[in-house]
Amino acid sequence: MQKVCIFTGARPNFVKVAPIIRAIEKTEGICYHLIYAGREDDPTLEDSLFDDLQMPRPDIFLGVDCENLNELTGKVMSAFEQYLEEHETDTVIVVDDLASTMAAAIVTKKRGLRLAHLVAGTRSFDIRMPKEINRLVIDGLSDLLFTAGASSNNIATREGAEMHKIFMVGNILMDSLRFNHDRWQRPACLEGIEDGQYLVFTINRKALLADKENLQRMLAVISEVAADIPVIAPLRPSVSAQLSTLNSQLLTLTSLPYLEFGYLTSHAKGIITDSGNVAEEATFNHVPCITLNSYTEHIETVKQGTNELVGEDADMLRIALGKMVAGEWKTGSLPDRWDGRSAERIVQILLS
């Protein structure tokens, strides 16, 4: 029996591991434990999240909760090592690029266990970003690099990863979209608004929120160019509070449950976001997407998909948003293996 530990460090990780759990539960010869680095009463892990994803809550909560990344790394290493001492494990799967993810990766290899990195080979090429350092460390330690596309494969190869370690399994987010396609729930905020006749705006990046003057310019562009179109902004309470001090015509609301957010973004006329995950999902849903960043970890969303990068430039945003509102957006296509079957490939690789 192959014993797998799936390690998660933050709420978005669960959307990516839910398909793997479903695939494991359908397969003989493999079992799993789901671990979460944080507290059991973490307010971001509402019960509806696990109900929406049709997955169980974590088996183990390490209980680590602190703001300082170096302190968090040390505490996760200590707690996760204790878990591994008490539970026989063959393979540890870590997700994305958090400090807690890196901590779990280091402990896994120190104990001589097989390490698999989900969403490997993603880079911003900005070494000043803490997450970029985490990515380099995790990929360098991993025995199995599960990548989303050819560009990530190329990055891993250039950095010296052996070919037999690299597996292009596709984008795991698409598995959740495919699984939940018929389960989306129309949110109450769309009452009186037709599908395809509204825009969605999300923002979360600290650097973008910190420059209030530039953010005000960008919000002014959105209000001006999309003057006749509702712009719906599901935001975390802290972000909503920050934007409330600025002049905008956004219809702001608190973060939506997963199934409602999925409906909102998949039926939008277009999306403006600083989230890579939201941009990837827009490509799968063939929804026009403007990303408020100068890079993307998955360039496929730009080269093949519906995504366009405008950085933090209000003038570039004005041009792109004008095309979006006028219905003059490019036609996108699905990148290779973004077909909603990544989890099946991953489980077969774990068993091979």
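This is a predicted model: local features need pLDDT of at least 70, side-chain atom pairs count only at pLDDT 80 or more; totals for chains, interfaces and linings use all residues.
Trainee: In what order do the seven strands of the open sheet run?
Mentor: The order is 3-2-1-4-5-6-7, and the pairing is parallel.

Trainee: And which are its edge strands?
Mentor: They are strand 3 (60-61) and strand 7 (166-168), each of which pairs on one side only. Strand 7 pairs with strand 6 (residues 144-147) over three bridges, and Met168 in strand 7 stands opposite Thr147.

Trainee: Which strands does helix 3 lie across?
Mentor: Helix 3 (residues 69-86) lies across strand 1 (2-8), strand 2 (30-36), strand 3 and strand 4 (91-95), at about 160 degrees to strand 1. Helix 4 (residues 99-110) lies across strand 1, strand 4 and strand 5 (114-120), at about 160 degrees to strand 4.

Trainee: Turning to the open sheet of six strands, what is its order?
Mentor: That sheet has the order 10-9-8-11-12-13, with parallel pairing. Its edge strands are strand 10 (251-254) and strand 13 (307-309), and the twist averages 20 degrees from one strand to the next.

Trainee: What is the bridge partner of Ile290 in strand 13?
Mentor: The partner is Glu308. Strand 12 (residues 289-291) and strand 13 run parallel and are joined by three bridges. Helix 14 (residues 314-325) lies across both of these strands, as well as strand 8 (199-201) and strand 11 (270-273).

Trainee: Now the surface: which residues form the nonpolar patch?
Mentor: Ile127, Ile133 and Leu136 form it, with about 260 Å² of accessible area together. Leu136 is found in helix 5 (residues 130-141).

Trainee: Why does Leu136 count as partly exposed?
Mentor: Leu136 counts as partly exposed because its relative accessibility is 36%, and that class lies between under 20% for buried and over 50% for exposed.

Methods. Residues are numbered from 1 along each chain as its sequence is written. Side-chain values use heavy atoms; hydrogens and water are left out. Patches are made of residues with over 30% relative accessible area and no salt bridge: like charges are joined within 9 Å, nonpolar side chains (Val, Leu, Ile, Met, Phe, Trp, Tyr) within 5 Å. Accessible areas come from the Shrake-Rupley method with a 1.4 Å probe; for residues, only the protein chains shown count as cover. A salt bridge is a side-chain nitrogen of Lys or Arg within 4 Å of a carboxyl oxygen of Asp or Glu. Helices (H or I, at least four residues) and strands (E, at least two) are DSSP runs, numbered from the N terminus. Buried means under 20% relative accessible area, exposed over 50%, partly exposed in between (1.4 Å probe, protein chains only). Two strands pair if DSSP finds at least two bridges between them. Axes are lines fitted to C-alpha atoms, for helices over the stretch in contact, and angles run from 0 to 180 degrees between N-to-C directions. Contact means heavy atoms within 4.5 Å.
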